[in-house]
Amino acid sequence: MGPPPTKTPPAKEDANLHHFSLLDLSPVAEGQTANDALRNTIDLARHAEANGYHRYWLAEHHNMPGIASAATSVVIGAVAAATRTIRVGAGGIMLPNHSPLVIAEQFGTLATLYPGRIDLGLGRAPGTDGATAYALRRNKEANDNFPQDVVELLGYFDEAADDAPIRAIPGQGTHVPVWILGSSLYGAQLAAYLGLPYAFASHFAPQMLEEAIAIYRSTFQPSKWLARPYFMMAAGVCAAETDEEAWYLRSSQILSFARLRTGRPGKLPYPVSDLSSEIPGPVMAQVQQALACSATGSASTIERELAGLVERYKPDELIVTGMIHDHAARIRSFAIAAEVLQGFVAASNLQTGTR
């Protein structure tokens, strides 16, 4: 199986933002532990639900001192247990690290415990360095089977005959919604070919965003899972009462990303007032390019910057993320963002006549 050939991109569609959601990497901050990070994740999820976020997604990363969500399905279960209505899922599970059957059983179990609330986003990257990837899966070629593994996984969530040789139990018949994630054109082509929803990791790799959207929408093939394309884009958000405070808080993530890029991953740093003394100019340029799809500032500033992203890329859904060292400030940042995004969704509903 392979993605279809690329077609000419269609004309841009009218903006129609259906939902806004939150991606949490369970950051482990300097001076804190993984226990603190996971408790903060559960607390943030409760606030996200109260603030109207549609989904709360967690991501699989390994061998990273600053991220506590490596056992992603376990953390998803804890978040789902601590909330009542918000959808909870993976953004994403790095499928080359796992057997499709194991993931089907894990997410089938979650969907059985929390029916109608579990999502499964699938990525093709390892979510770690090469040595750790090998320790996880013992097979350096696993990502070459990604399309076949996705199809196998979809089959485990579907109905199956009683005499099927292999079934996911729990899992069979749960119809867990499956998303394809990506930061290149490959995922866009595969999502379109299979007729699945697509999420682009523009919060750290925006370079191919526009082309990926065009390919996904123009080559989309309706399926039993989805009648028309549904695209989610990711954006970084760091909001505070003033632009100056927001940029100070944002310095933690910028510094963390710079250290990762230069081979020095660690816990989420304390914020600093002068990044130029911490990050060499060429590295800073790379970081700014990677994190360009973001909004930082007061409510009015992030409203303007997010509005520009929504107008340009016209996502069906926007998922925001941001790592701030102080937990209370992070909660406040996402609360400010929610107020802004609620206005976008309401305006979109008025435009399309949706009530």
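**Note on the predicted model**

1. The chain carries 27 positive and 34 negative side chains, and the centres of the two sets are 1 Å apart. Lys and Arg are counted as positive, Asp and Glu as negative, while His and the chain ends are left out. Each charge is placed at NZ of Lys, CZ of Arg, CG of Asp or CD of Glu.

2. This is a predicted model, in which local features need pLDDT of at least 70 and side-chain atom pairs count only at pLDDT 80 or more, whereas totals for chains, interfaces and linings use all residues. Residues are numbered from 1 along each chain as its sequence is written, and side-chain values use heavy atoms, without hydrogens and water.

3. Of the 355 residues, 54% are buried (under 20% relative accessible area, with a 1.4 Å probe and protein chains only).

4. Eight aromatic pairs are found in the whole structure (ring centres of Phe, Tyr or Trp, the last by its six-membered ring, within 6.5 Å; planes under 30 degrees apart are stacked, over 60 edge-to-face, the rest tilted). The ring centres of Tyr53 and Phe334 lie 6.4 Å apart with planes at 90 degrees, so this pair is edge-to-face. Tyr53 is buried at 4% relative accessible area, and Phe334 is buried at 2%.

5. Trp179 and Tyr230 also form an edge-to-face pair, with 5.7 Å between centres and 80 degrees between planes. Both Trp179 and Tyr230 are buried.

6. One aromatic cluster consists of Tyr198, Phe200, Tyr216, Phe220 and Phe231.

How values were computed: Buried < 20%, exposed > 50% of the residue type's maximum accessible area, 1.4 Å probe, protein only.
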